[in-house]
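Reader: I would like to go through a protein model step by step. Please show it first, and then I will ask about it.

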Amino acid sequence: MLAPVAPVAAFPAEWPPWGFDASLAMPHIAFTLPHNMSGQPASSVNRGFTADGRPIGLQISGRRFADLETLRLTAWYEGARPVDARPVFPG
């Protein structure tokens with residue numbers, strides 16, 4: 001299954017998980033939680049960037065116990081994704 005990683009845009013790492021409004025609980029895990037609770041393998045890869053340069057994640061999840069299959073699909077996507085979706089790491 002292909003899905004967004006989060007229903008919100010990425011936020012700075014130094015922020016608390018709920019941003020600065022504690023009443024929001026932790027909406028950023030809404031799309032990953034079902035796979036974590038069901039034991040389904042899932043991976044996250046960069047799919048692109050927002051207009052202001054924040055990463056947009058793509059979650060690739062598989063059937064329960066299909067870890068290798070899920071990792072193979074993830075590896076394929078990483079090689080086939082558009083150039084503008086590839087993160088540039090300092091080096």
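Reader: Does D52 count as buried or exposed, and at what relative accessibility?

Author: This is a predicted model, in which local features need pLDDT of at least 70, side-chain atom pairs count only at pLDDT 80 or more, and totals for chains, interfaces and linings use all residues. Residues are numbered from 1 along each chain as its sequence is written, and side-chain values use heavy atoms, with hydrogens and water left out. Buried means under 20% relative accessible area, exposed over 50%, and partly exposed in between, with a 1.4 Å probe and protein chains only. D52 therefore counts as exposed, at a relative accessibility of 55%.

Reader: Which residue forms a salt bridge with D52?

Author: Side chains of opposite charge can pair when their charged atoms come close. A salt bridge is a side-chain nitrogen of Lys or Arg within 4 Å of a carboxyl oxygen of Asp or Glu. With the closest N and O atoms 3.1 Å apart, the partner of D52 is R54.

Reader: How many salt bridges does a search of the whole structure find?

Author: Besides the pair D52 and R54, the side chains of E69 and R63 meet in a salt bridge at 2.9 Å, N to O. E69 is partly exposed at 44% relative accessibility, while R63 is exposed at 54%. For the whole structure, the number of salt bridges found is 2.

Reader: In what order do the elements of the protein chain run from the N terminus on?

Author: Helices (H or I, at least four residues) and strands (E, at least two) are DSSP runs, numbered from the N terminus. The protein chain has 2 helices and 3 strands. From the N terminus on, their order is β-α-β-β-α.

Reader: Which residues does L58 touch, not counting residues up to four places away in sequence?

Author: L58 lies in strand β3, residues 55–61. L58 counts as buried because its relative accessible area is 14%. Contact means heavy atoms within 4.5 Å. Beyond four places in sequence, L58 touches L2, A3, V5, S43, S44, V45, R47 and Y77.

Reader: How far apart in space are L58 and V45, C-alpha to C-alpha?

Author: V45 is among the residues that L58 touches. In sequence, L58 and V45 are 13 residues apart; C-alpha to C-alpha, the distance in space is 5.3 Å.

Reader: What distance separates the C-alpha atoms of Y77 and V45?

Author: Y77 is found in helix α2 and is buried, at 12% relative accessibility. The residues that Y77 touches, beyond four places in sequence, are V45, N46, R47, L58, I60 and P82. Y77 and V45 are 32 residues apart along the chain, and their C-alpha atoms are separated by 8.5 Å.

Reader: Why does T70 count as buried?

Author: T70 is found in helix α2, residues 67–80. Leaving aside neighbours within four places in sequence, T70 is in contact with P41, A42, S43, I60, S61 and G62. T70 counts as buried because its relative accessibility is 4%.

Reader: What is phi of F65 near?

Author: F65 is found in the loop between β3 and α2, and F65 is exposed, with a relative accessible area of 69%. Most residues other than glycine have a negative phi. F65 is a residue other than glycine with a positive value, near 70°.

Reader: Which residues are in contact with P7, leaving aside its neighbours within four places in sequence?

Author: The place of P7 is in the loop between β1 and α1. P7 is partly exposed, with a relative accessible area of 40%. P7 and G91 are 84 residues apart in sequence and 31 Å apart in space, C-alpha to C-alpha. The contacts of P7 outside four places in sequence are P27, H28, A30 and F31.

Reader: What percentage of the 91 residues in the protein chain do buried residues make up?

Author: L58, at 14%, is one of the buried residues, and T70, at 4%, is another. In the protein chain of 91 residues, the buried ones make up 23%.
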